Amino acid sequence: MTQDRDNKQVDVQKVCEHLGIGRYDLIELATFVARSENFDKPQEALVKLLTITDLDAYLETLKEKVIKEQFRG
């Protein structure tokens, strides 16, 4: 994983390259992921995005999860 272990920061450029998206798209995506997954820190969303191999499938699953939570609560 591309993290600086001293300050726990994720290399944003590596995440962009991994997902094939730009920085502005990454900001929007990371915000959605952090809110949907109830992460405490924004870096957690970036770390999660580094582990994703199929972004479309992950987003579909995450959107379904959000919709189910909305209907429950």
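Colleague: Why does serine 36 count as buried?

Modeller: Its relative accessibility is 6%. Buried means under 20%, so serine 36 counts as buried. Bear in mind that this is a predicted model.

Colleague: Where is serine 36, and what does serine 36 touch?

Modeller: Serine 36 is in helix H2. Leaving out residues up to four places away in sequence, serine 36 touches Leu62, Lys65 and Val66.

Colleague: What makes the pair of serine 36 and phenylalanine 32 a polar contact?

Modeller: A polar atom of the serine 36 side chain lies 2.8 Å from the backbone oxygen of phenylalanine 32. The cut-off for a pair of N or O atoms is within 3.5 Å.

Colleague: How do you know that H2 meets H4?

Modeller: Contact means heavy atoms within 4.5 Å. Leu29, Phe32, Val33 and Ser36 in H2 meet residues of H4, including Leu59, Leu62 and Val66.

Colleague: Why is H2 called oblique to H4?

Modeller: The axes of H2 (residues 23-36) and H4 (residues 55-72) come within 11 Å and cross at roughly 45°. That makes H2 oblique to H4. Angles under 35 degrees would count as roughly parallel, and 65 to 115 as roughly perpendicular. The crossing is left-handed.

Colleague: What is the pattern of the chain along the sequence?

Modeller: The chain reads β-β-α-α-α-α, with four helices and two strands. Of its 73 residues, 27% count as buried.

How values were computed
Residues are numbered from 1 along each chain as its sequence is written. This is a predicted model: local features need pLDDT of at least 70, side-chain atom pairs count only at pLDDT 80 or more; totals for chains, interfaces and linings use all residues. Side-chain values use heavy atoms; hydrogens and water are left out. Axes are lines fitted to C-alpha atoms, for helices over the stretch in contact, and angles run from 0 to 180 degrees between N-to-C directions. Angles under 35 degrees count as roughly parallel, over 145 as roughly antiparallel, 65 to 115 as roughly perpendicular and the rest as oblique. A crossing is left-handed if the near helix is turned anticlockwise from the far one by less than a right angle, and right-handed if clockwise. Buried means under 20% relative accessible area, exposed over 50%, partly exposed in between (1.4 Å probe, protein chains only). A polar contact is a pair of N or O atoms within 3.5 Å; within protein, one must be able to donate a hydrogen and the other to accept it, and residues adjacent in sequence count only if both atoms are side-chain atoms.
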